[in-house]
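Visitor: I have a protein model open and would like to go through it. Can you show it here?

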Amino acid sequence: MLIAPPPALRRLSVPLIALLIAAAVGLTGCDEPDPMGPPDDSAETAVRNAVNEVPDRSEDAASFNSLFVGGKAPEGVSAADYYPLRTEAKAVEVAGDRATVQVAAATAAEYDAAGEDGPPTVEWTFVRDGDAWLLESAPLP
C-alpha cells in the first residue's frame with residue numbers, strides 16, 4: 001500500500017523539481033567543455049603546453065636539454081637563462097610537423113610592469129617528434 005505525501009509537501013514538489021533541474025543545468029554549463037570529457041589533444045594545445053613547460057624543466061639541465069631537437073640545447077643557450085621566466089604562447093601556427101609560436105617570455109616582475117598587453121614576444125619554432133613537440137629555436141627577448 002502506498003502512502004500519499006501530505007498536501008503541503010505535494011505543493012512543494014513541483015517548485016522543488018524545477019529548482020533541481022535548473023541547478024543541474026547551471027552546474028553543467030551550456031557552452032563550457034565537459035571537464036570530465038576527453039582531453040583536448042590538438043597539436044596547438046600540445047605546443048602551448050610545451051611552451052609552458054620550458055621554465056619548469058630548465059631547473060634541471062638534462063630535462064631542459066630534452067626539450068630540444070636532438071636532446072641538446074643549441075650552443076649558447078643556457079637553462080639558467082630560462083629558469084626565472086614565465087612563458088606564454090600568444091599565437092600558435094601549426095603546419096604539419098612544424099609549429100611557430102609567438103611567445104611572451106619575461107620574469108614575473110617584467111610581466112607585471114608590462115601591463116595588459118604583456119611583454120614583447122619572440123618567435124619559437126617547434127618540430128614534432130612522434131607525440132612530442134621539441135624546440136628547434138627558442139630565442140629570448
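Visitor: What percentage of the 141 residues in the protein are buried?
Guide: Buried residues make up 26% of the 141. Buried means under 20% relative accessible area, exposed over 50%, and partly exposed in between, with a 1.4 Å probe and protein chains only. This is a predicted model: local features need pLDDT of at least 70, side-chain atom pairs count only at pLDDT 80 or more, and totals for chains, interfaces and linings use all residues. Residues are numbered from 1 along each chain as its sequence is written, and side-chain values use heavy atoms, with hydrogens and water left out.

Visitor: How many helices and strands are there in the protein?
Guide: The protein has 5 helices and 4 strands. Both are DSSP runs numbered from the N terminus: helices are H or I with at least four residues, strands are E with at least two. From the N terminus, the order is α-α-α-α-β-β-α-β-β.

Visitor: Take helix α2. Which of its residues are buried?
Guide: In α2 the buried residues are T45, V47, A50, V51, V54 and P55.

Visitor: And what covers them?
Guide: The cover includes helices α3 (61-65) and α4 (79-82), along with strands β1 (86-95), β2 (98-106), β3 (121-129) and β4 (132-137).

Visitor: New topic: V122. Where is it found, and is it buried or exposed?
Guide: V122 is in strand β3. It is buried, because its relative accessible area is 12%.

Visitor: What does V122 touch?
Guide: Leaving out residues up to four places away in sequence, V122 touches V101, Q102, V103, P139, L140 and P141. Contact means heavy atoms within 4.5 Å.

Visitor: How many aromatic pairs does the structure hold?
Guide: There are 3. Rings of Phe, Tyr and Trp (its six-membered ring) pair if their centres lie within 6.5 Å; planes under 30 degrees apart count as stacked, over 60 as edge-to-face and the rest as tilted. F64 and F68 form an edge-to-face pair, 5.2 Å centre to centre with 70 degrees between the planes.

Visitor: Which residues do ring pairs link into a cluster?
Guide: The cluster consists of F64, F68, Y82 and W124. F64 is buried, with a relative accessible area of 1%, and F68 is buried with 1%.
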